[in-house]
Amino acid sequence: MRLLDRINALMFSDPDEITEEVIEHYERNPDELDLIIDREHFNIVYLAYVLVLGLAITILARWITVSYGDQLGPRVNTLVLDVISEMGIAIFGGAIVAYLIESLNKRQFQRNVQFRRKMKKILEERREAQSREP
């Protein structure tokens, strides 16, 4: 379990630190805070369909090889069914990678929203403090 915690810590670092320099930047450019939350969202359901399609292609090609391999001959097994099987493996492998990337994007989006909230709160407090000063 500790190995997973270490991997998780490496992949998902602590939230962005709000420094004085960052605050001053967003004071000068408050509209940029809205850009932080504009993120594309890839639908996980489509990734599931692609994963199932890739698995189905791979399983079907392997099933045909095992069931009818002797009747189809070595050339068909080697050339056609192996290529189709590898294509299926590539499809579901790509779906898994896309899912992992989407998970990282979702986590980064959540961090961006938290950062935006904190930054807006700090900027609002500064504006209020400046308006109270004589």
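The protein chain contains 5 helices and 0 strands, where helices (H or I, at least four residues) and strands (E, at least two) are DSSP runs numbered from the N terminus. Read along the sequence, the pattern is α-α-α-α-α. The model is a predicted one, in which local features need pLDDT of at least 70, side-chain atom pairs count only at pLDDT 80 or more, and totals for chains, interfaces and linings use all residues. Residues are numbered from 1 along each chain as its sequence is written, and side-chain values use heavy atoms, with hydrogens and water left out.

Confidence is given as pLDDT, the predictor's confidence in each residue on a scale from 0 to 100. The protein chain averages 79, and 80% of the residues score at least 70.

Accessible areas come from the Shrake-Rupley method with a 1.4 Å probe, and for residues only the protein chains shown count as cover. The protein chain exposes about 10,500 Å², of which carbon and sulfur atoms supply 59%. A residue is called buried under 20% relative accessible area, exposed over 50%, and partly exposed in between (1.4 Å probe, protein chains only). Of the 134 residues in the protein chain, 19% are buried. A contact means heavy atoms within 4.5 Å. Among contacts with a separation of 6 or more, 84% are between residues 24 or more positions apart.

Helix 4 spans residues 44–72 and has a kink of about 55° centred on valine 66. The bend at a residue is the angle between axes fitted to the seven residues ending there and the seven starting there. The buried residues of helix 4 are Leu47, Gly54, Ile57, Thr58, Ala61 and Gly69. Helix 5 (74–132) is included in what covers these buried residues. Just after helix 4, glycine 73 takes a positive phi of about 95°.

In one of them, glutamate 86 pairs with arginine 62, with the closest N and O atoms 4.0 Å apart. This pair links distant parts of the chain, since glutamate 86 lies in helix 5 and arginine 62 in helix 4, 24 residues apart. Glutamate 86 counts as partly exposed because its relative accessibility is 46%. Arginine 62, at 42% relative accessibility, also counts as partly exposed.

The next topic is nonpolar packing. In soluble globular proteins, nonpolar side chains tend to be buried together. A nonpolar core is a set of buried Ala, Val, Leu, Ile, Met, Phe, Trp, Tyr and Cys residues joined through side-chain atoms within 4.5 Å. The largest one here has 6 residues in all: Ile23, Tyr26, Leu33, Phe115, Met119 and Leu123. Helix 2 (20–28) and helix 5 each supply at least two residues of this core, and the largest share, 3 residues, comes from helix 5. Not counting residues up to four places away in sequence, leucine 123 touches Ile23, Tyr26, Glu27 and Leu33.

Arginine 126 is also found in helix 5. Not counting residues up to four places away in sequence, arginine 126 touches Glu20, Ile23, Glu24 and Glu27. Glu20, Glu27 and Arg126 are linked in a network of salt bridges. With a relative accessible area of 25%, arginine 126 is partly exposed.

The side chains of glutamate 124 and arginine 127 meet at 3.1 Å, N to O. Both residues lie in helix 5, 3 residues apart, about one turn of the helix. Glutamate 124 is partly exposed, with a relative accessible area of 39%, and arginine 127 is partly exposed at 44%. Glutamate 128 and arginine 132 form a salt bridge at 3.6 Å, N to O. Because they are 4 residues apart in helix 5, glutamate 128 and arginine 132 are separated by about one helical turn. Glutamate 128 is partly exposed at 36% relative accessible area, whereas arginine 132 counts as exposed at 64% relative accessibility.
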